[in-house]
Amino acid sequence: MNELPSLTPLAASPLRPWWQRALWLGAGGLALLLGIVGIFLPLLPTTPFVLLAAFCFSRGSARWEAWLVNHPRWGPMVRDWRTHRAVPLRAKQLATGMMAVSCTAAWFAIPSAWRVMPALCCAVVATWLWRLPTRQPAPAPAASAPGDAAD
């Protein structure tokens, strides 16, 4: 079976009082919920909320952190962020495009006094996103020519 890479979790400190762990766990749950909502509402970016949830869970519950890091849908982005501290170019492009489409739609759906708010929020998120390092794609394996197979 294909095992996931082992990452050292940012384990929750056993020295934290229970109420601090509960606050971190609650904040992580809220961030994850906002990330899930962001899948369906493009104005809410999913990835930053999932990364925030991982950060919060690392301080509140080692079990919830391990669950998120090993989750088939969200785990790869958390592991990738922790490993490379960079965002793939394609993710930056897709997020920026979705925010632009969402802001355009919001312009027509929101009353005139508030029309600029989604654009301002998305501009802040896009600026933050594009200031992060860009992860270079992994090099593709070299293709061998027909007849070059090693015996």
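Q: Before we start, what does buried mean here?
A: Buried means under 20% relative accessible area, exposed means over 50%, and partly exposed is what lies in between. This is a predicted model, and by that cut-off D80, with a relative accessibility of 18%, counts as buried.

Q: OK, and what does the side chain of D80 meet in a salt bridge?
A: The side chain of D80 meets that of R135 in a salt bridge, with an N to O distance of 3.2 Å.

Q: Where do D80 and R135 lie, and what does the pair tie together?
A: D80 lies in helix α4, whereas R135 belongs to strand β2, which covers residues 134-135, so the pair ties together parts that are 55 residues apart in sequence.

Q: How many salt bridges does the structure hold?
A: The structure holds two salt bridges, and besides the one between D80 and R135 there is one in which the side chains of R82 and E65 meet at 2.9 Å, N to O.

Q: Which helices does that R82 and E65 pair tie together?
A: R82 lies in helix α4, residues 75-84, and E65 in helix α3, residues 62-69, so this pair ties together parts that are 17 residues apart in sequence.

Q: And E65, buried or exposed?
A: E65 counts as buried, with a relative accessibility of 0%, whereas R82 is partly exposed at a relative accessible area of 21%.

Q: Switching to helix packing, how do the axes of α2 and α4 cross?
A: The axes of α2 and α4 come within 10 Å and cross at roughly 75°, and the two helices are therefore roughly perpendicular to each other.

Q: Which residues meet there?
A: From α2, the residues T47, V50, L51, A54 and S58 meet M77, V78, W81 and R82 of α4. Sorted by class, this contact of α2 with α4 has six nonpolar, two polar and one charged residues.

Q: Last topic, S61: where is it found?
A: S61 is found in the loop between α2, residues 46-60, and α3, and at 12% relative accessibility this serine counts as buried.

Q: What does the side chain of S61 reach?
A: The side chain of S61 reaches the backbone nitrogen of W64, at a distance of 3.2 Å.

Notes:
Residues are numbered from 1 along each chain as its sequence is written. This is a predicted model: local features need pLDDT of at least 70, side-chain atom pairs count only at pLDDT 80 or more; totals for chains, interfaces and linings use all residues. Side-chain values use heavy atoms; hydrogens and water are left out. A salt bridge is a side-chain nitrogen of Lys or Arg within 4 Å of a carboxyl oxygen of Asp or Glu. Helices (H or I, at least four residues) and strands (E, at least two) are DSSP runs, numbered from the N terminus. Buried means under 20% relative accessible area, exposed over 50%, partly exposed in between (1.4 Å probe, protein chains only). A polar contact is a pair of N or O atoms within 3.5 Å; within protein, one must be able to donate a hydrogen and the other to accept it, and residues adjacent in sequence count only if both atoms are side-chain atoms. Axes are lines fitted to C-alpha atoms, for helices over the stretch in contact, and angles run from 0 to 180 degrees between N-to-C directions. Angles under 35 degrees count as roughly parallel, over 145 as roughly antiparallel, 65 to 115 as roughly perpendicular and the rest as oblique. Contact means heavy atoms within 4.5 Å. Ala, Val, Leu, Ile, Met, Phe, Trp, Tyr, Cys and Pro count as nonpolar, Asp, Glu, Lys and Arg as charged, and the others, Gly among them, as polar.
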